[in-house]
Amino acid sequence: MARWPMLRFPIEWSTIFEPDAGCLFVEACVRAQLQAADAAGAELRHGTVVREIFCRETTVEVVTDTERVVAGQLVACPGPWANALLPLPGVPLTVLRKSLFWYRPTDATAYAPTNMPCFGADTRGGFFYATPAFDIRGVKVAEHSGGLPLSGPGELNRAIDPAEQSAVEAWAAASIPGLGNERSGHTACFYTMTPDSHAVVGQHPNHPQVSIATGFSGHGFKFAPVIGEILADLSCEGSTSLPVDFLSPSRFSR
Ligand SMILES: Cc1cc2nc3c(=O)[nH]c(=O)nc-3n(C[C@H](O)[C@H](O)[C@H](O)COP(=O)(O)OP(=O)(O)OC[C@H]3O[C@@H](n4cnc5c(N)ncnc54)[C@H](O)[C@@H]3O)c2cc1C
């Protein structure tokens with residue numbers, strides 16, 4: 001509280017300060033990775049919907065609206081669409097709706113990234129987090145725990161849930177009391193959860209020519225480069241020297 005005067009926590013709490021922690025600008029990360037793939041010779045097909053995937057004996061066939069591609073290897077990262085597109089036997093994936101809220105402070109400078117850290121708090125009422133005012137929308141506040149289970153991503157309702165909003169605002173009022181509650185933005189997205197909250201990364205249990213990565217349980221973005229390395233190893237070499245057993249698609253049925 002001495003270092004960041006906008007934060008308030010019960011004095012008896014344990015806290016951790018991680019000087020190397022930070023925040024990723026995800027669109028810039030994705031753009032950079034697409035550029036790197038393009039420069040390495042990948043053919044990018046934006047806006048192409050995969051309708052079906054057929055796993056044959058040694059090959060795999062991918063059907064889009066305009067073509068059928070037969071390949072020796074497939075890497076599939078369908079996120080919350082995994083259950084529908086490429087069901088994995090014995091892998092229970094649950095899709096949760098998650099909500100994000102932005103609040104515009106009266107004094108934007110005080111909440112700028114140079115003055116305020118990204119932080120989270122594991123409270124009795126849930127795990128909440130906030131990021132500083134990176135843009136005009138202001139401070140982002142959300143709950144990492146909780147979330148509404150959906151039967152699939154198609155069921156997403158983007159409207160504000162008043163219960164989620166009041167939980168987030170109650171936490172923000174206690175932890176960032178000067179922020180105020182001028183809401184400047186809201187959105188909803190997905191967590192694809194596994195029972196142990198670890199991702200599912202590996203070869204398909206019945207079709208080793210298909211490598212899959214999904215079920216990132218709300219904390220997968222920062223791992224994208226190493227997950228890419230693992231998937232490249234699996235599809236090009238058939239195995240990886242990285243320790244990925246704990247992510248195996250077969251672990252839930254062992
Ligand atoms: C609110 C929120 C906060 C988060 N915070 C963090 C964080 O602090 N740190 C962190 O590391 N991670 C965080 N995450 C998690 C992170 O964003 C996810 O783990 C990650 O984006 C999952 O990547 P993915 O590639 O598995 O799925 P996605 O990013 O969902 O990508 C799946 C892709 O597959 C495409 N697709 C699906 N079906 C088809 C089809 N039939 N044809 C063609 N394309 C298809 C989709 O269009 C999509 O582009 C957060 C997530 C949310 C929602």
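This is a predicted model: local features need pLDDT of at least 70, side-chain atom pairs count only at pLDDT 80 or more; totals for chains, interfaces and linings use all residues.
A residue counts as buried under 20% relative accessible area, as exposed over 50%, and as partly exposed in between, with a 1.4 Å probe and protein chains only. Residues are numbered from 1 along each chain as its sequence is written, and side-chain values use heavy atoms, with hydrogens and water left out.

**The chain as a whole**

- The protein chain has 4 helices and 12 strands; these are DSSP runs numbered from the N terminus, with helices being H or I of at least four residues and strands E of at least two.
- Along its principal axes, the C-alpha trace spans about 60 × 40 × 35 Å.
- Of the 254 residues in the protein chain, 35% count as buried.
- The accessible surface of the protein chain is about 14,700 Å², and carbon and sulfur atoms hold 56% of it. Such areas come from the Shrake-Rupley method with a 1.4 Å probe, and for residues only the protein chains shown count as cover.
- Among contacts (heavy atoms within 4.5 Å) in the protein chain with a separation of 6 or more, 64% join residues 24 or more positions apart.

**Two domains**

- The domain assignment gives domain 1 (72–93 + 196–247) and domain 2 (97–193), with bounds that come from an automatic or database assignment.
- The C-alpha centres of domain 1 and domain 2 are 29 Å apart.
- Where the two meet, 11 residues of domain 1 are in contact with 6 residues of domain 2.

**The ligand and its surroundings**

- Domain 1 and domain 2 both give residues to the shell around the ligand, so the ligand lies between them.
- There are 20 residues around the ligand, and Val 50, Cys 189, Gly 220, Phe 221 and Lys 222 come nearest. A residue is near a molecule or strand if one of its heavy atoms lies within 4 Å of it.
- Strand S10 (residues 183–193) provides the largest share of this shell, 3 residues.
- By type, the shell divides into 14 nonpolar, 5 polar and 1 charged. Here Ala, Val, Leu, Ile, Met, Phe, Trp, Tyr, Cys and Pro count as nonpolar, Asp, Glu, Lys and Arg as charged, and the others, Gly among them, as polar.
- A polar backbone atom of Cys 77 is 3.5 Å from an oxygen atom of the ligand.
- A polar backbone atom of Gly 218 is 3.3 Å from a nitrogen atom of the ligand.
- For Gly 220, a backbone N or O atom lies 3.0 Å from an oxygen atom of the ligand. Taken alone the ligand exposes 1,000 Å², and the protein buries 62% of that.

- Phe 190 lies in strand S10. Leaving out residues up to four places away in sequence, Phe 190 touches Pro 80, Trp 81, Val 95, Leu 96, Lys 98, Leu 150, Pro 153 and Leu 156.
- Phe 190 and Pro 149 are 41 residues apart in sequence, and their C-alpha atoms are 9.6 Å apart in space.
- Glu 164 is found in helix H3 (residues 162–175) and counts as buried, at 16% relative accessibility. Not counting residues up to four places away in sequence, Glu 164 touches Arg 97, Ser 99 and Phe 101.
- Ile 176 sits in the loop between H3 and S10 and is buried, with a relative accessible area of 1%. Beyond residues up to four places away in sequence, Ile 176 touches Met 6, Tyr 111, Met 116, Phe 119, Ala 130, Val 139 and Trp 171.

**Two serines with positive phi**

- Most residues other than glycine have a negative phi.
- Ser 197 has a positive phi of about 60° although it is not a glycine. Ser 197 lies in the loop between S10 and strand S11 (200–203) and is partly exposed, with a relative accessible area of 30%.
- Ser 217 also has a positive phi, near 50°. Ser 217 is found in the loop between strand S12 (210–214) and helix H4 (224–237) and is buried, with a relative accessible area of 3%.

Notes: A polar contact is a pair of N or O atoms within 3.5 Å; within protein, one must be able to donate a hydrogen and the other to accept it, and residues adjacent in sequence count only if both atoms are side-chain atoms.
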